[in-house]
Structure formats: structure tokens, C-alpha cells
Amino acid sequence: MQIRGSGHRQVGPGLGSRVTALMLAMFACMASFYVAGRLWQDAQTRVYLIKELDRRTGQGHTSISVDDTLKVVACRHQHKRLAALEMELAHAKHAGYISKYSSHSNGTRNGERLLTVIGIMTGFGRKNYRDAVRKSWLPSGATLKKLEQEKGILVRFVIGRSANKGDNFDRAIDDENRKTNDFLILENHVEGSEEQPQKTKRFFGLAADTFDAEFYARINDDVYVNVDALGGMLSTHWDKPRVYMGCMKSGEVFSESSHKWYEPDWWKFGDGKTYFRHASGEMVVISRAVAQFISINRLILRTYAHDDVSVGSWMLGLDVKHVNEGKLCCSSWTPGAVCSAL
């Protein structure tokens, strides 16, 4: 009995320990499945969030560096600017600002671009000055055409119309032009000394629309020009796409209405009443891009009392290279000079 009882007491504790171990193993297994499930769920949630973020930001793949981001932003900005410029060009064409020049139609230099177009500002009653220019440096007839074709230099006297259109002044200019064929007539400009700034603006605009040239020059009809020296000088500035050349100067702004050089807008030039630096009106040269700018914006460009100041004012707000060229100081003749007052 004692032996049987003793044996029963030895079996009971072993069975209990096995049950406990089995329960712990089952609990551990369930805990492992639970943790693994949570980790898998968290991983799936992160994948979803990353895909959603990519979809909303438009990246679609992986994140990009700061440099690449700046390049993308710059590219998008350029696309916007290009679209805006295309719209402005379309608007300009619709408004009629289209160059009338065709390399197959102007008959100069076998379709090549001209080197320069020179506009000689003249007026009624100044035929003697024009004849002096023709005798001194401006050829006529076939020689004038040869100057255009071989050297790419086109020269024209620039004049407007009389306030009484078709009167003796207009007829005299038309007769003279039929003989010389060296005029550029501004049909929509009324000739007058007080209208010189408007005349200069219209010349640059019409010249840019009519002739395709590297440069455009404006001179007075009492100026002598060495065309060979001018061509050599201009060839040294081909690398400047936006250039404004001349004999740069400044000067006093006169506020007295009785003064010869009275400036109605004198108050705009500050307390010192001094003009900004600008090219003398005896000879001013601008590049093709600048002339095209004047052509497109001629309706809104402000003019002052003097044409040289007016041209200088248009250059102030532009990214234009100002060139103070001593060879264009026509008041004093120096070796190598391009021009001189007659």
C-alpha cells in the first residue's frame, strides 16, 4: 500500500509540469503570430503611405536631391517664360509688328544681312546740305547700289511730310527722290524742328521693320562720314548683341522756357537738373536687337525735348552695352575718326 501510494505521488507532479510547458509553448506561439501580424500590417501601411505621398507630390519614384529639385524648378520657370514670350510674339504679330524685310526681297548683298543702315536726318529747305553730302561722301546711282551690295552699308536721307500734305515741299522732295533714289520718307510723320525726337524714333522703327541689318545709325545732314572707317569700327562690336554707341556726354537741363534748349520735363532730372550720359545726336549707332525693341515699343516710348536725350532715356532701363566711342565724336576730326561736321 505504501509502495503503491508512494508511486502515485511520484507520477502527479511530472504530469502537471508537462501540461504547463505545453500551455507556455502555445502562448509563445500565439504571441509570435500576433507580433508578426502587427509588423506585417505596419509594413503594409508604410508602403501605402509612401505610394500615396509619391502620387500626390508627382515624384512617382524616389526622392530627388536639392540640386535636382532646383533644376526642375528652373526648367518649369523657363517653360513659363517661353510660353509668355510666345504669347507676346503672337500679340505683336496680331498688332502688325511684323518685319517687312525678306532676305529674298530687299535685293542687297545677295540676301545677306546688311552691316548698317544709316539714316541722315534732313528737312525741307536743306537741299544744299544734301547736295554737299552727295558730293563729299555719299555716292549716287549705281555706285550707291554698289555700296549696299559690296559693303553692306545702306544710306538714306530721312524726311517726313508737310503739314499740308501734297504741297510744294512734298512735291519738291518727291521730285528730288525720283532723281537720286536716296530718301526714306516717313509718310506718317509731320516734319518740324520740335518733332525731331519723334522723327528719330520713327526712323529706327521703320528701318528695323524694312531692312535687316546688324546696326542702325542716325546722323545729321551736316556730318561727313568715312564709310570705310565706320565699317571697320562696327565690325569690332559684332560680339555685342545689345549695344548703344556714340560720343557720350551729359549736360545741363534748362528749365527756363525762353532758353533755346528748354526742357519741358526738366523737373524729372532731379535737383541738380543734369542729363544722364547719352550719345551725342551728331551720330548714334544701335544694334539690331535694340532697334527691334524700339520698333515694337515705339507707341509707348517717351520722348523729351531733344532726340539724343530721348534715345538715351530708352537705353537706361535696358540691358544694353553703352560704348563711348571717340571715333563718333564728329565735332572734332581726329586720326581714325568716323565722322566730322561739315
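**View 1. Cys 247 and Cys 329 are joined in a disulfide, with their sulfur atoms 2.1 Å apart.** A disulfide here is a pair of cysteine sulfur atoms within 2.5 Å. What you see is a predicted model, in which local features need pLDDT of at least 70 and side-chain atom pairs count only at pLDDT 80 or more, while totals for chains, interfaces and linings use all residues. Residues are numbered from 1 along each chain as its sequence is written, and side-chain values use heavy atoms, with hydrogens and water left out. The torsion about the S-S bond of Cys 247 and Cys 329 is about 90°, so this disulfide is right-handed. Cys 247 lies in strand S6 and Cys 329 in the loop between S8 and strand S9 (339-341), so the pair ties together parts that are 82 residues apart in sequence. Strands (E, at least two residues) and helices (H or I, at least four) are DSSP runs, numbered from the N terminus. Cys 247 is buried at 17% relative accessibility, and Cys 329 is buried at 18%. Buried means under 20% relative accessible area, exposed over 50%, and partly exposed in between (1.4 Å probe, protein chains only).

**View 2. Cys 330 and Cys 339 form a disulfide, with sulfur atoms 1.9 Å apart.** At -85° about the S-S bond, the link of Cys 330 and Cys 339 is left-handed. Cys 330 is buried, with a relative accessible area of 0%, and Cys 339 is buried at 0% as well.

**View 3. Seven strands make an open sheet in the order S3-S2-S1-S4-S7-S6-S8, with mixed pairing.** Two strands pair if DSSP finds at least two bridges between them. S3 and strand S8 (321-324) stand at the edges with a single partner strand each, so one side of each has no neighbour in the sheet. From one strand to the next, the twist averages 40°. Axes are lines fitted to C-alpha atoms, for helices over the stretch in contact, and angles run from 0 to 180 degrees between N-to-C directions. Helix H3 (residues 127-136) packs on the sheet and touches S1, S2 and S3, its direction making about 175° with that of S2. Contact means heavy atoms within 4.5 Å.

**View 4. Strand S7 (residues 274-287) has twelve of its 14 residues buried, so the strand is largely enclosed by the rest of the structure.** Strand S4 (residues 213-220) pairs with S7 in the antiparallel sense over five bridges, and Tyr 216 has Ile 286 as its bridge partner in S7. Strand S6 (residues 243-252) is also antiparallel to S7, over seven bridges, with Glu 252 opposite Thr 274. Which residues does Ser 280 touch, not counting residues up to four places away in sequence? They are Cys 247, Lys 249 and Asp 308. Ser 280 lies in strand S7 and is buried at 11% relative accessibility.

**View 5. The structure holds three aromatic pairs.** The rings of Phe 157 and Phe 183 have centres 5.8 Å apart and planes at 40°, so this pair is tilted. Rings of Phe, Tyr and Trp (its six-membered ring) pair if their centres lie within 6.5 Å; planes under 30 degrees apart count as stacked, over 60 as edge-to-face and the rest as tilted. Both Phe 157 and Phe 183 are buried.
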